[in-house]
Amino acid sequence: MNKLFRALIAGYGAKKLGGGCFSTILIFVLLYWLLGQCNGPSYGQTRTRQHYYLFQHK
């Protein structure tokens with residue numbers, strides 16, 4: 001996910017969910033981190049790839 005869109009979505013969510021200044025900042029950081037986790041590699045694909053390389057005939 002693009003960092004700009006990630007920041008915009010996290011900012012909008014923090015504005016809607018946050019009550020005060022400190023809670024809004026905490027919610028923004030949490031949402032920004034959670035949205036960043038969407039970019040990580042899929043564990044299923046990684047495990048399949050590792051299995052393929054481990055048991056490949058040479």
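The following dialogue explains how to read several features of a predicted model.

Trainee: Which elements make up the secondary structure of the protein chain?

Mentor: Helices (H or I, at least four residues) and strands (E, at least two) are DSSP runs, numbered from the N terminus. Here the protein chain has three helices and zero strands, in the order α-α-α from the N terminus.

Trainee: What percentage of the residues of the protein chain count as buried?

Mentor: Buried means under 20% relative accessible area, exposed over 50%, and partly exposed in between, with a 1.4 Å probe and protein chains only. In this case, 12% of the 58 residues are buried. Accessible areas come from the Shrake-Rupley method with a 1.4 Å probe, and for residues only the protein chains shown count as cover. The accessible surface of the protein chain is about 5,300 Å², with 67% belonging to carbon and sulfur atoms.

Trainee: How many residues does helix 1 have, and which of its residues are buried?

Mentor: The expected span of a helix is 1.5 Å times one less than its number of residues. Helix 1 has 15 residues and reaches 21 Å from its first C-alpha to its last, close to the expected 21 Å. Its buried residues are Arg-6, Ala-10, Gly-13 and Ala-14. Seen down the axis of helix 1, these fall within an arc of 100 degrees, so they line one face of the helix; the arc is that of the directions from the helix axis to the C-beta atoms. Helix 2 (21-36) is included in what covers them.

Trainee: Which exposed residues does the face turned away from the buried side carry?

Mentor: That face of helix 1 carries Leu-4, Leu-8, Tyr-12, Lys-15 and Lys-16. For Leu-8, the relative accessible area is 52%.

Trainee: Is Ala-7 buried or exposed, or does it lie in between?

Mentor: Ala-7, in helix 1 (residues 3-17), is partly exposed, with a relative accessible area of 28%. Contact means heavy atoms within 4.5 Å. Leaving aside neighbours within four places in sequence, Ala-7 is in contact with Phe-28 and Tyr-32. The C-alpha atoms of Ala-7 and Phe-28 are separated by 8.3 Å, although these residues are 21 residues apart along the chain.

Trainee: Where is Asn-2 found?

Mentor: Asn-2 is in the segment before helix 1 and is partly exposed at 45% relative accessible area.

How values were computed:
Residues are numbered from 1 along each chain as its sequence is written. This is a predicted model: local features need pLDDT of at least 70, side-chain atom pairs count only at pLDDT 80 or more; totals for chains, interfaces and linings use all residues. Side-chain values use heavy atoms; hydrogens and water are left out.
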